[in-house]
Amino acid sequence: MTTAVVLAFVGAQVGTQVFFNYWYRAFFDGLQQKDMSVLVGALFQLPMIVVATVVASGGLLVSKMMFHVSWRAWVTQRLAGWWIADQRYYRLGLIAPEHQAPEYRIAEDTKLAIEPLAEFVIGLVSATVTAITFSTILWSVAGSFRLTLGQVVIDIPAYMAVAAVIYAALTSTIAYLAGMPLVRHVADKNAAESEFRAELTRLRENAESIALIKGDKDELNSVLANYGRVVRAWYGVIRQQGFISILQNTNAVLFPVIPLVLTLPKYVSGEMTLGAVMQVASAFAAVQGSLIWFVDNVVKLAEWYASVRRVNELVILLDQLDIGTIMEGDANIRLGISEDGSIHIDNLSIAESAGRVVINDASVVIKQGERVMVMGESGVGKSTLIRALAGLWPWGLGEIRVPRDVEIAFVPQRPYIPLGTLRNALLYPDAGSKIAHETVVRTMVRCGLSYLAKRLDDEERWDHVLSGGERQRVAFCRLVLRQPDIIIMDEATSALDEDSQQSMLNLLHEELKSSTVISVGHRTGIEEHHDRKIILERRPAGAHMTSLTVSKSLWSYFRQQRA
């Protein structure tokens with residue numbers, strides 16, 4: 001529907017241009033003949049032409065903008081949905097970390113790819129209709145041109161239309177040769193700008209760590225070096241646009257003069273009136289403006305194509321991710337259903353996305369309600385095992401089976417805090433769940449967040465307001481409120497002091513007695529809160545898994561019994 005409206009207004013705009021072209025001839029013929037009645041009639045027609053032109057131009061502008069919005073919404077909905085679904089946003093960062101800022105490609109490059117394309121398509125349609133319509137006027141008004149060379153007389157039919165086509169073909173060819181290198185320069189500039197933004201974002205996100213170790217000088221040097229690449233990329237764009245500007249300005253000076261020069265012999269000989277000359281000049285300008293559409297849009301085309309390439313790179317990566325998942329099939333870690341309530345890890349080998357084996361041929365059964373701790377030296381694959389259990393890491397062989405219809409809660413080292421109120425953060429990802437206010441407050445008190453209870457409905461950037469320890473307390477609040485069947489934790493108490501850590505781990509025994517707990521941690525005092533420990537030992541062919549029962553102190557035993 002929107003497309004039909006746009007095309008209708010394109011036709012209306014061309015119609016008003018044709019009407020004005022004929023008005024132009026009538027006015028200048030009346031001026032040449034000094035016929036006041038013709039001039040007055042033309043002046044009375046002028047307001048109608050102006051109103052029609054304004055309505056057509058305004059309608060075309062509004063309908064084009066509506067077309068942009070609807071098309072961009074359609075593309076963004078599908079591209080963002082594709083990226084977010086099935087944790088592709090996470091896996092994409094694992095297989096292609098060098099392709100930065102997919103969110104920028106979806107938000108900004110999609111806009112730059114859609115809006116100019118709509119303009120180009122509409123402009124091309126308008127240019128084609130205009131060129132055909134006004135070429136007909138040139139043909140009928142200017143007629144043919146008789147060229148006498150000695151005894152030879154050559155008649156050139158529709159010579160003004162032919163001249164317009166030849167001139168447009170020549171300038172468009174030159175513009176194409178000058179504009180093609182601009183595509184590469186614009187693509188390099190956009191990539192450099194994206195990397196520079198990513199560098200500044202990384203600096204902001206790690207501001208505290210950088211400030212504490214006084215890394216200001218190194219970061220400044222890195223930022224300036226990154227910006228230096230932006231400047232060099234811009235210089236390439238500027239040089240190429242300079243060449244194109246010379247072409248465009250030369251054309252802007254020449255093409256209004258050319259029709260006057262070509263019609264001069266006929267006007268002097270009396271074959272054409274002043275009005276006919278002005279009509280032909282106006283029609284020639286319209287045809288010329290349509291035929292050199294590429295010349296006028298070469299810079300925009302280069303910008304558009306560079307953005308399309310970046311969006312297409314994201315589409316190709318997402319497609320490769322899906323194809324890889326389909327093609328590998330049984331070569332991926334299989335996720336199955338356990339019928340006995342336990343978690344089964346059978347012949348599990350976990351690999352990096354590049355193929356290197358991290359954990360080799362591991363098998364273990366974690367019974368319902370059991371508390372298991374994953375241990376091992378740094379880099380041995382503990383967090384990778386946790387990701388595989390959470391279903392986030394597909395690369396490898398073997399099978400992981402979990403009970404049917406269970407709720408699994410994953411608690412990372414740095415819990416995610418969404419935008420909105422503190423209540424939404426505590427109930428995330430079920431922010432719409434109906435949990436009594438008193439229950440939420442009681443849970444906050446139990447988790448050491450009582451001082452924030454009065455701010456439950458305050459909207460803040462809570463991810464900035466809360467400290468690392470407070471974020472981890474929020475994660476434990478979520479566990480108590482959600483009561484998941486399986487809890488998978490990765491360094492979930494690393495930002496808490498030892499007393500707070502003991503309090504939070506005791507909370508698991510008190511409030512989540514029947515939940516299965518699998519956790520990674522290095523700090524002292526954690527091991528005694530678990531029934532068993534899985535030790536990963538580094539081996540050349542991949543880490544080996546060993547399962548041992550945890551030896552608990554008598555005090556720990558009584559404390560858990562009391563809990």
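Author: A cavity is a set of points, on a 1 Å grid over the protein atoms alone, where a 1.4 Å probe fits but cannot get out; a lining residue has an atom within 4 Å of a point. The model is predicted, so local features need pLDDT of at least 70 and side-chain atom pairs pLDDT 80 or more, while totals for chains, interfaces and linings use all residues. Residues are numbered from 1 along each chain as its sequence is written, and side-chain values use heavy atoms, with hydrogens and water left out.

Reader: Which residues line the second largest cavity, and what classes do they belong to?

Author: Its lining consists of R371, M489, L505, L508, H509, V517, H529 and H530. Helix 16 gives the most, with 3 residues. Ala, Val, Leu, Ile, Met, Phe, Trp, Tyr, Cys and Pro count as nonpolar, Asp, Glu, Lys and Arg as charged, and the others, Gly among them, as polar. On that division this lining has 4 nonpolar, 3 polar and 1 charged residues.

Reader: Which residues lie nearest the centre of the largest cavity?

Author: Of the 13 residues in that lining, A492, T493, V520, G521 and I526 lie nearest the centre. Helix 16 (498-511) and strand 12 (516-520) are the elements that give two or more residues to the lining of the largest cavity. By class, this lining divides into 5 nonpolar, 6 polar and 2 charged residues.

Reader: Why are strand 8 and strand 14 said to stand at the edges?

Author: Helices (H or I, at least four residues) and strands (E, at least two) are DSSP runs numbered from the N terminus, and two strands pair if DSSP finds at least two bridges between them. The open sheet of 6 strands has the order 8-11-12-6-13-14, with mixed pairing. Strand 8 (408-411) and strand 14 (544-549) each have a single partner strand, so one side of each is left without a neighbour in the sheet. Strand 8 is joined to strand 11 (residues 486-490) by 4 bridges, and the two run parallel; the bridge partner of A409 in strand 11 is I487.

Reader: How do you know that helix 15 packs on the sheet?

Author: Contact means heavy atoms within 4.5 Å, and helix 15 (residues 468-482) touches strand 8 and strand 11. Angles run from 0 to 180 degrees between N-to-C directions, along lines fitted to C-alpha atoms, for helices over the stretch in contact. The direction of helix 15 makes about 170 degrees with that of strand 8.

Conventions
On a 1 Å grid over the protein atoms alone, a cavity is a set of points where a 1.4 Å probe fits but cannot get out, and a pocket is an open set with protein on both sides within 12 Å along at least five of seven lines; lining residues have an atom within 4 Å of a point.
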